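Please keep the viewer open while I talk.

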Amino acid sequence: MSGKTGNGNGPSRVERRFAALKAEGRGGLIVYVACGDPDPETFFEILSGLPGAGVDVIEIGMPFSDPMADGPEIQAASLRALKAGMTLSGTLEMAARFRTQDDETPIILMGYYNPIHSYGPRKFLKDARAAGVDGLIVVDLPPEEDEELCRPALDAGLHWIRLATPTSDDKRLPTVLSNTSGFVYYVSIMGITGTRSASGAAVRQAVARLKAHTDLPIAVGFGVKTPEQAAEIAAVADAAVVGSSVIERLKAGLDADDRATPGLVDGVLGFVRSLAESVRKARAH
Amino acid sequence: MEALNTYRGGPDERGHFGHFGGRFVAETLMPLILAVEEAYEAAKKDPGYQAAIDDFAKHYVGRPSPLYFAERLTEHFASRGANGNKGAKLYFKRDELNHTGSHKINNCLGQILLARRMGMTRIIAETGAGQHGVAVATVCARFDLPCVVYMGTTDIARQAPNVFRMKLLGAEVVPVTSGTGTLKDAMNDALRDWVANVENTFYIIGTVAGPHPYPAMVRDFQSVIGNEVREQMQAAEGRLPDTLVACIGGGSNAMGLFHPFLDEPSVRLIGVEAAGHGLETGKHAASLAGGRPGVLHGNRTYLLQTDDGQIIDAHSISAGLDYPGIGPEHSWLHESGRAEYVSATDAEALEAFQLCSRLEGIIPALEPAHALAYVAKIAPELPKDHLMVMNLCGRGDKDVFSVAEVLGVEL
């Protein structure tokens with residue numbers, strides 16, 4: 001059954017956060033950042049500033065050399081991060097460091113299986129839990145491969161967040177939603193991150209379809225780029241996920257050698273603030 | 001059902017060969033992968049499907065390809081032995097004589113007929129050396145389907161003749177700039193295309209890799225190679241061959257040759273990976289010799305990767321072997337010990353390329369030149385009645401420009 005809690009000791013951070021959003025009567029803002037982009041210290045400044053800028057849930061991308069489901073922006077961000085020395089253990093350290101200053105904002109790690117496979121799945125789950133990570137999205141682990149990491153992750157007290165897509169029809173949805181916990185990430189377009197955008201009407205319909213199958217909150221992402229789009233999504237879903245366009249802002253603050261320039265962090269956080277403000281007004285009208 | 005003590009029973013229903021293989025893809029692709037599997041299972045039960053493949057294989061591709069006794073190379077290797085009484089009897093399986101010049105068309109034929117059964121109206125593919133891309137473009141022209149081929153910019157530069165061939169055949173060749181612009185990057189971009197176009201697009205994967213059912217399906221289509229060798233060797237020598245040798249990038253020509261012989265314990269199977277500048281230099285494409293198990297492009301298999309699980313770019317003089325992974329069934333045959341995997345360097349392959357051209361009047365592709373380089377190492381000391389079959393899986397026309405460059409010859 002869906003709706004498992006991520007840990008055994010009462011509601012998890014993710015559950016508390018979505019309960020709070022519900023109480024406030026608004027949709028949430030989830031922001032994706034690629035860990036270590038463009039360099040570890042600049043990244044940590046951005047990460048630290050996200051809650052203050054109005055982000056409700058943080059998705060930290062675990063950089064991978066071959067991110068098949070991602071578009072050019074996130075690919076480039078991953079490669080910048082790897083070039084600047086980021087690793088999977090570095091990503092866990094980053095999460096742990098964030099936790100020393102923020103014990104409330106949920107952290108979801110998102111990425112691909114191979115670095116985890118290489119790190120050792122059991123050790124990874126233990127270390128991620130210890131670092132204060134709340135959930136995982138592993139793009140290339142479908143339900144058919146649940147024994148690999150999904151079930152062990154749930155046992156370890158981590159949320160397992162699955163991507164549901166327009167191809168997840170009514171026959172497929174129960175499979176997708178089984179063993180999903182925390183929230184469901186609905187991929188609103190057929191394609192890779194940061195390319196096309198879905199219409200508000202299509203998203204409304206898709207969310208209604210998902211809600212018929214699950215009580216979990218529904219976050220909607222892929223192709224959500226502007227404050228206006230984020231608001232449109234947050235009006236009909238439980239949260240909007242923005243990634244590529246945040247990374248575009250980051251890229252605008254890089255010099256020709258991909259080094260951070262002085263205004264970079266403010267530029268990124270300013271854009272995130274505009275997303276958050278827009279999302280907060282979404283259900284007011 | 002196969003008996004339990006068989007090497008030919010795999011994969012299981014979830015696509016696993018031992019713990020290799022599987023279906024490691026994004027959810028967007030999952031329904032499509034399942035649909036391909038379902039369609040393929042249904043097609044296998046339809047005699048009309050196999051009959052159509054056989055018909056095109058005979059009249060369009062030119063199968064069966066000959067099993068040719070390479071007499072002059074056999075004499076050459078015998079003369080290299082420590083005494084005059086040795087030297088294996090070498091046969092070439094001439095899959096370079098197929099229409100389009102390599103074994104790749106065997107698989108493309110099976111897949112495009114499947115795509116048509118599924119009602120798909122657009123074909124995509126990845127290519128390294130361009131042999132697979134040319135084969136896909138060929139069947140797309142023949143069956144009137146639009147074709148998009150993803151090819152790394154590095155490979156486009158070193159395989160210009162094949163790029164032009166694909167264009168002549170009406171395909172769109174999309175240059176891939178991500179990563180190092182080679183086969184793995186082309187595969188990433190083909191997968192990205194597929195995710196965005198699942199409703200009308202069929203992805204013709206060129207090797208025995210990717211998510212289930214591709215490794216098994218491509219193997220089945222390529223097994224025509226081994227099945228023919230079995231019959232032809234029976235006719236020529238009245239018995240099974242002793243050793244089979246094939247080069248390995250993703251491993252489709254090797255798997256096609258090996259698979260019908262997996263349960264013949266007397267037949268030694270040798271796969272030759274590309275050692276590039278040498279295994280010790282780190283600049284190679286030998287996933288089994290220099291990699292470890294991981295997950296990429298939909299399956300668990302041996303991969304070239306860093307300690308952090310980042311994929312390392314492969315290197316080989318041969319664009320067709322330049323892939324940091326290997327088909328999952330090979331990983332399983334490697335760990336189970338049923339097949340042996342060795343390697344040959346760029347330099348050794350170049351030497352074999354020239355040797356084969358001069359002695360047999362056959363310019364091989366650089367890919368099977370790696371297999372021949374290994375044959376050169378072991379043939380001289382094997383007994384004269386030792387029957388060895390090497391899969392000459394591609395012709396070298398596409399490579400003459402890059403070989404000329406390496407040899408310092410200006411054309």
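So, B:Lys89 lies over the face of B:Phe69, 4.9 Å from the ring centre. I say "over" when NZ of Lys or CZ of Arg is within 6 Å of the ring centre and within 35 degrees of the ring normal. B:Arg94 does that too, over the face of B:Tyr68, at 5.4 Å from the ring centre.

A quick word on ground rules. This is a predicted model, where local features need pLDDT of at least 70 and side-chain atom pairs count only at pLDDT 80 or more, while totals for chains, interfaces and linings use all residues. Residues are numbered from 1 along each chain as its sequence is written, chains are lettered from A and ligands numbered from 1 in the order in which they are written, and side-chain values use heavy atoms, leaving out hydrogens and water.

And pLDDT? That's the predictor's confidence in each residue, from 0 to 100. Chain A averages 93, and 96% of its residues score at least 70. Residues 1-6 of chain A stay under 50, though.

Now, rings with rings. Rings of Phe, Tyr and Trp (its six-membered ring) pair if their centres lie within 6.5 Å; planes under 30 degrees apart are stacked, over 60 edge-to-face, and the rest tilted. How many aromatic pairs are there over all chains? The search of the whole structure finds 15.

One of them is A:Phe18 with A:Phe183, tilted, with 5.4 Å centre to centre and 45° between the planes. A:Phe18 lies in helix α1 and A:Phe183 in the loop between α8 and β7, so the pair ties together parts 165 residues apart in sequence. Helices (H or I, at least four residues) and strands (E, at least two) are DSSP runs, numbered from the N terminus.

A:Phe18 has 8%, so it counts as buried, and A:Phe183 is buried at 0%.

Next, A:Tyr113 and B:Phe24: their centres are 5.9 Å apart and their planes at 20°, so this pair is stacked. It crosses between chains, from helix α5 of chain A to strand β2 of chain B. A:Tyr113 is buried at 1%, and B:Phe24 is buried at 1% as well.

Last one: B:Phe56, B:Tyr60 and B:Phe143 form one aromatic cluster. Thanks, folks!

Key
Buried < 20%, exposed > 50% of the residue type's maximum accessible area, 1.4 Å probe, protein only. Contact = heavy atoms within 4.5 Å.
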